[in-house]
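User: I would like to go through the labels attached to this model and see what each one rests on. Please set each value against its definition.

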Amino acid sequence: KNPYGEAPITSLQDLGIGSVRIEFKDSSEGDQTPTDGFSFFDPKIDAYHASNIEILMIIDYSSLAGTPWGSSDASAWTAFSEKYSARASMIATHYKGKISAYQIWNEPDLVGDESYKPYIPSQSYGKILKKAYETIKAADPTAKVITGSFASGNMNYISQMKSAVSGIIYADAVAIHPYGQRAPDNMPQPQWGFGNLS
């Protein structure tokens with residue numbers, strides 16, 4: 001729905017861009033097939049796939065209704081994880097062979113503010129990631145599973161996430177958002193940004 005965020009495939013090819021990142025949006029409940037999301041995204045996914053452009057699809061708080069925003073209640077997140085993994089399975093089954101990788105949530109370690117609260121308690125996120133990994137791999141073994149892009153710089157979050165599921169990160173890769181953080185050699189300058197990427 002954003003014309004600036006949907007460049008023509010020919011433009012992507014001219015620029016040599018070989019992959020795109022899409023956030024799957026649908027507001028139906030977890031046990032309902034996301035028909036509105038599928039009807040909107042199907043032609044776009046088909047066009048990218050036919051043009052050999054790889055797709056990283058984010059499944060997050062925009063992908064189904066019922067996120068327990070701001071809750072520290074583990075039972076609320078456990079109940080949500082059932083709906084979330086069912087939605088992930090539906091999406092991976094529907095797009096089998098067309099999606100290169102799925103990103104599980106976006107910035108789960110970021111507490112946020114009143115308008116944006118992506119945070120999931122670390123141990124609950126570890127369990128959600130494990131369940132989503134297993135359901136996606138069952139639906140489409142060729143697809144990669146990526147962690148939600150971490151944004152806080154708090155490495156304890158990842159350690160706690162792992163401890164909830166026998167010390168394993170259930171993902172093929174770990175994603176980070178380095179926005180505003182300097183490269184390890186303090187590029188572009190020591191005063192720039194709000195932290196060091198290392």
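User: Which residues of α4 and α5 meet?

Analyst: Ser122, Gln123, Tyr125, Gly126 and Leu129 in α4 meet Tyr157, Gln160, Met161 and Ser163 in α5; contact means heavy atoms within 4.5 Å. These residues divide into four nonpolar, five polar and no charged. Here Ala, Val, Leu, Ile, Met, Phe, Trp, Tyr, Cys and Pro count as nonpolar, Asp, Glu, Lys and Arg as charged, and the others, Gly among them, as polar.

User: What is the model, and how are residues numbered?

Analyst: The model is predicted: local features need pLDDT of at least 70 and side-chain atom pairs pLDDT 80 or more, while totals for chains, interfaces and linings use all residues. Residues are numbered from 1 along each chain as its sequence is written, and side-chain values use heavy atoms, leaving out hydrogens and water.

User: Why are α4 and α5 called oblique?

Analyst: Their axes are 7 Å apart and the angle is about 55°. Axes are lines fitted to C-alpha atoms, for helices over the stretch in contact, and angles run from 0 to 180 degrees between N-to-C directions. Angles under 35 degrees count as roughly parallel, over 145 as roughly antiparallel, 65 to 115 as roughly perpendicular and the rest as oblique. α4 and α5 are therefore oblique to each other.

User: What makes α3 roughly parallel to α4?

Analyst: The axes of α3 (residues 74-94) and α4 (residues 122-139) cross at roughly 20° and come within 9 Å. That angle makes α3 roughly parallel to α4. The residues of this contact divide into nine nonpolar, six polar and two charged. Among them are Trp77 and Tyr84 in α3, and Ile128 and Lys131 in α4.

User: Why does proline 118 count as buried?

Analyst: Buried means under 20% relative accessible area, exposed over 50%, and partly exposed in between (1.4 Å probe, protein chains only). Proline 118 has 0% relative accessibility, so it counts as buried. Proline 118 is found in the loop between β3 (101-106) and α4, and its contacts include Tyr61, Trp69 and Trp105, not counting residues up to four places away in sequence. Across the protein, 40% of the 198 residues count as buried.

User: How do you know that the radius of gyration agrees with a compact globule?

Analyst: The radius is taken over C-alpha atoms, and the globule rule is 2.2 Å times the number of residues to the power 0.38. For 198 residues a compact globule would have a radius near 16 Å; the protein has 17 Å, which agrees.

Definitions and conventions. Helix = DSSP H or I, 4+ residues; strand = E, 2+ residues; numbered from the N terminus.
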